[in-house]
Amino acid sequence: MANTIPIIINGKTVQAQAGQNLVDAIRDAGTFIPSLCYYEHIQPPLGTCRVCTVLVNGKPTAACTAKVRPGQKIVTHTQELEDVRKGMVEMLFAEGNHFCPACEKSGDCDLQGLGYRLGMEASRFPRLFVNRLIDYRPERMVIDHNRCIRCRRCVEEVVTEDGKAVFSFVNRGKDTRVDIDYDEEPKLTETEAMRAMHICPVGAILVRGKSMARPVGERKYDQPAQGWEKAEGPIEVPKPRPGAPKKVVATTSLAGCFGCHMSLLDIDEEILDAIELVEFNRSPLTDIKQFDRRCDVAIIEGGCCNSENVEVLRAFRENCDILIAVGECAIWGGLPAMRNVIPIEECLLESYGRTMNLEDGQVVIPHHEDLPELLDQVYGCQEIVRIDHFIPGCPPDARHIWKILKHVLFGEAYVLTHEEFKYD
Amino acid sequence: MQLARQYDLSWVEVEGVASFYHFFHREPAGRYTIYLNNSITAEHSGMADVKAAFEEATGARLGQTDPTGTFGLYETACIGLSDLEPAALINFQPFTQLTPQKVKALVWQLRRGVPPELLADEIPQHIQHSLPPEQAVLLRPFEPGQSLEPLLQLSPTEALEQIEASGLRGMGGAFFPVGTKWRLCREQPGDEKYILCNADEGEPGTFKDRMLLQYLPELVIEGMIHAAYTTGAQEGWIYLRGEYRWLLPGLKAALAHYYASGWLGAEIPAQEPFRFDIHIQLGAGAYVCGEETAMMNSLEGLRGEPRVRTYFPVERGFRQKPTVINNVETFAAAARVIELGGDHFASLGTSQLKGTRLLSVAGDCTHPGIYEIEWGTPLADVLDWAGAESSMAVQISGPSGECVNASYSHRRFDWDDLRCGGAVTIFNEERDLLRILHNFARFFTNESCGVCTPCRAGNFIFSRKLDKLSKGLGRADDYVEIQNWSNIMRQTSRCGLGRAATNALLSAIENFPGYFAGYFGKQDNKLKHPFALDEALQDYRNAVGRTLGNE
Amino acid sequence: MPEQKTTKITIDPVTRVEGHGRVTLHLNEQGEVSDARFHIVEFRGFERFIQGHPYWEVPVLVQRLCGICPVSHHLAAAKAIDQLHGLSPDDLSPTATKLRRLLHYGQIFQSHALHFFYLASPDLLLKGDTPASQRNITGVILANKDLAKRGILMRKFGQEIIKAIAGKRIHGVAAVPGGNYKTFTPEERLYFLDGKAIPNVDTMIAWTQETLETIHQYHHDHRAWLDSFAHYPSGHLGLVDAAGGLELYDGRLRATDAQGQPTLEDIPADHYHHYFGEAVEPWTYLKFPYLKHLGRDRGWNRVGPLARLNVCDHIPTPLAEEERQRFFAFAGNRPVNRTLYYHWARLIEMLHCAETARDLLHDPEILSDDLVRTGHRQGEGIGVVEAPRGTLIHHYRADEKGKVTWCNLIVSTTHNNEPMNRAVREVARRELSGQQEITEPMLNQVEVAIRAYDPCLSCATHAIGDMPLRIELYDHQEQLLAERTKDSCDHPLF
């Protein structure tokens, strides 16, 4: 038996290999610890993402940067530590431009998987929306800097046959970026390029023609995973209690595509029972423009892209007790927020100024007293009003939506399955 | 490309190093490269007008060269001349107390071909307060060699014991016991050891090391010699920040003098003669290189990124060999300890912090400059000596330190109170606290090395948050959020920069509750968040206006 | 000249295109409708921000244009991307083509079901004097629960087809460049045929036929109104196959004028840009496409079920073809320019989709795993399909490195922009001009006209309760004289 020594993890003494990396030691002891940049054989460990932060002898440490040493006392789970680790994932989501719905790696992405595993419904940090490059110049690869989390795996791992580095960090601070060497990259074989794509935990490195992830349902994070419940049967609506007044629900779609409303309707036949418990007030389903009574719950789809969205959202906040932001767009802007890194003028000119076969060659940007004005960015609803619940997805699974609704309206407990908690 | 081939590296690796440092330009930066510093003291002294004057006189816009390529105008962080703001570097020569008129005249001279070295300002020693002879340690008379004489009677161990007895702690901000550090290095096996002098004084508002390097370089050199003697190291470097390049001739001259006198090189006279060489390495504009492991990486020719702390530098440091790294002032103080005796040093100061230290005081005061104080001195005294009036806040130890309320007259410079790393920046009542803090946040955002998530992203996120607060868009939640976000950064950052980045903000919130209540508490309706709607609509309105022909 | 006093009536919100739409009606002193406009108030900028992305991401990205018919965008983009690989629809494997067709016809089935049962049926199936508060899906459920349930299950059937092929009901992924992503398994096929978990495809056909009986009877009973309501001449545009039959996935562009004379003679769909122009008005974010050789005033076309029936010569599936013939026999002439005939036409298409789905489900080739073809990169790709709401055009350019450099999208409802404006004007003139008082039912008629077009995101439009309304009365000096806001009571406004 190799060199094991006793250390304490969360109050329990375990035997661990002396000198073993702490992430591995913690996992070998059967305790969950998330990691992202950690890649076993890279020495010294990268220690860039900080997602594996634990307390070692009372000191906050990235577990991957520490080794098993005699007398160690390790704490992996306190409420604070969990929040701090989740904070790292949330920071990464806020820093880059992570559009899960349109990403090839979605479903196989470790950052996304961590978000699911740690239960990140919405990032507490406002997204930065910095314009980042998509580099098409390399021969085999396309590098999408919107997604890079600067874990550094590619910098340390990917070398040509004669030992030359292909990737390197350039610049500093918030401008830090992974650049690729255009002379060395073509020397990589296809296998080596594919390997680079696979060791990248996110969808930043794409090999042309090889980057589409597996079909929905067959991807890594579609599979039942440790810590999640299995999928359940159809959605059930509670039976109405005699004499109980119907709950009043308002809904709206701001800058959304309506997919979330359609997902709401994917409750199918159950809606026949649902309408005995719930009545819709102001809603695309009812067309009541002014609130004529206070509503229990509001379902908000879509973010705010123009002045009318802001007005409507504020009106909903005033008239409804609980606001639920449904879908990526409502939470942080979603796909329409792809325009956030581009000046609004450019978007307008592209649609109206350079449109094909324009009459008279004159540029007209729509602007009228009966039209709302456009905001400089698409904003998530929580930047405008307090939001009480977030349901991620694009669109969220119907079961997820109804579980939360039932919980909010009727106090029903709920457990989400891995299939129901998605960002795409 | 040539460099890449010469060192058998890929081009992108070379670019990686070059792009890390602010002073390495990959495009021509003008025959005269002008750096204006963006520290808060510069801002308060009228740097905006100076910048406008430069732009007009040179024809260059900030961040670019003028069309002829004669002048390049750039922004940089504090250049260590806080007592003489507004200050700039032109071809790394110092220019101080600039005014628009001065600028105009200056540029005219440069155009006529007068070299910047001839036009540069003299930098005074600027000693504003020194201690009486019984108490003064650093600011007292000194002749080169003065502290090396005792070595003729002391063995390396005995010399080390003097350092230990003094209780001297590092002056760079970490306050690690110097004797302990040198002993640990001594005890490491092997012959190859190094002494590194951290002269990367990058904390905005700090310029005490500048003074020492300019006016008392011999003290510093001798301190390094003592370190070499006691540890067995034979080679050392002074890592000099690029902004102090104008100090290089003086430093080189001092070193030359020591070589000529036999106090450097082979066979340095002592009870056990020894060999020691000192080189100088210039930095290239990166605050984070003041972090010791980052500095070592930089010295090794890499990007100046802090290392994962698997080993202390005394175990495996520069070139993975035992290394002593200390601040300029620490070496100077160490030399004095050998000269005056460890017990004498230990008799000064307080029970927790021995001896004295230098402060660099600047900002809203009549006597900016260098102050030597004994530990235990009240803040109020320093403010008094400095001629500070109507003070509102004092930033201790620069942006990574504490924002103290000037009316807290009980605060003292000591271990468990103002454990100051050197910088004391004074702000009067007319200054806006949020603007100051915003300046600090931007500083960290630019200076982060970028390797770890919490510092790289966290600082940027904080900058944006302060942006919002400055526009009056604060809400009640912000207080809790700032605490929460700061805690995250502090627990997860890879090095001290990230951990300390929110210190100023947090301490300001604690020390100025009334001020921040105005920003956090303004929200009447906690459910409706403040939002600058008109500002958000402005881009669209401008776009429409442009197509309609009316801007 | 004496100044005119105008009244502006705003109906807000009305129908949507990825958001809200509103109608403004201007009445002159004589109370005649001098102008009527349908404003689309949403703008998202897809055409700009798609640029810079790798072209293979586009089909997954663009379906977020719409949550009701994402498949249409997905497939139109997929066809364009195929062309970027030098592949035309004929070059794809039979399995990929059939799976895509099954997906497409399945999604049209669900979309039409959604529109007819959830949205349009209250107008058509409830009695005329039904109060506004019940004129909605709840009212239909109360009046006829079985019918409502059928409608829900028909939508479900279509959604399940989408899920089987694309992995998700909404915003799934089916197409990759040159083909499809995943195979269709025998278990999945059985799910749609055996009627155990869900009613099977034959039931779908039967139910659609029964619904058609209902609508036929409805036309019989309300002939006068249906024939005269929003009846105005227009062009018609749609895809047809090589034999001139109705074709929804891949065909040629055919357009006729209001009399049925060809204005676009079966041109290849990827030549659209030679024929179409787009105009911009300052009062709406939606553009106005038109046939260039006819000019802005005459070159606009209706698209969608009515237009498609008008331009095709026959429907390739027998039961739907029978219905088509019955349709035109009843109408009396072809093309039909009567707006409310859209609902009937939509049901005929539903039948066609169900029949096509059945044929495909029984085709053994859909189970094969021969899914992808490769080709050579080209610089430009155009994909045109018939979405539930009309002709949908996606057009992209991508450089040799794979970056999208340019994009043009003409979304179906865009073609219907001018027709809907005309409809609004027509109905407003007919119902409101010269009236002493403007009532809620009158304003509802305007919505009925818009709803017939099933503009994208039609989920947005139905009312439980009254049509919200705000009326502002201005004098000739634009001083506000009176303002009435009506929420949910039946009282007249003035």
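A salt bridge here is a side-chain nitrogen of Lys or Arg within 4 Å of a carboxyl oxygen of Asp or Glu. C:Arg169 and A:Asp266 form such a pair, with their closest N and O atoms 2.8 Å apart. The model is predicted.

- The size of an interface is often given as the accessible area lost when the parts come together.
- For chain A and chain C, the buried area is about 7,400 Å². Carbon and sulfur atoms account for 58% of it.
- The rule finds 9 salt bridges across the interface of chain A and chain C.
- It also finds 25 residue pairs in polar contact across the interface of chain A and chain C, both residues at pLDDT 80 or more.

**Cavities**

- Rolling a probe the size of a water molecule over the atoms shows where empty space is left.
- The whole structure has 18 cavities of 30 Å³ or more.
- The volume of the largest cavity is about 400 Å³.
- The lining of the largest cavity has 20 residues. Nearest its centre lie C:Glu47, C:Leu65, C:Tyr285, C:Leu286 and C:Val411.
- H10 of chain A supplies at least two residues of this lining, and so does each of helix H1 (46-49) and strand E14 (404-410) of chain C.
- The lining residues of the largest cavity divide into 11 nonpolar, 6 charged and 3 polar.

**Backbone details**

- Most residues other than glycine have a negative phi, and most peptide bonds are trans.
- The peptide bond from A:Gln43 to A:Pro44 is cis, with omega near -10 degrees. A:Pro44 sits in the loop between helix H1 (22-28) and strand E3 (53-56) of chain A.
- A:Arg50 is also found in the loop between H1 and E3 of chain A. Phi of A:Arg50 is positive, near 70 degrees.
- In chain B, a cis peptide bond joins B:Glu85 and B:Pro86, with omega about -5 degrees. B:Pro86 lies in the loop between strand E3 (71-76) and strand E4 (88-90) of chain B.

**Salt bridges over the structure**

- Over all chains, the structure holds 93 salt bridges.
- One of the salt bridges joins the side chains of A:Asp321 and A:Arg294, at 2.7 Å from N to O.
- This pair links distant parts of the chain, 27 residues apart. A:Asp321 is in strand E15 (residues 320-326) of chain A. A:Arg294 is in the loop between strand E12 (278-280) and strand E13 (295-301) of chain A.

Key:
Residues numbered from 1 in each chain as written. Chains lettered and ligands numbered in written order. Heavy atoms only, no water. Buried area = accessible area lost by both parts, 1.4 Å probe. Polar contact = N/O pair within 3.5 Å; in protein donor to acceptor, adjacent residues only side chain to side chain. 1 Å grid on protein atoms, 1.4 Å probe; cavity = no way out; pocket = protein on both sides within 12 Å on 5 of 7 lines; lining within 4 Å. Points joined across faces, edges and corners; volume = space filled by probe spheres on them. Helix = DSSP H or I, 4+ residues; strand = E, 2+ residues; numbered from the N terminus. Nonpolar A, V, L, I, M, F, W, Y, C, P; charged D, E, K, R; others polar.
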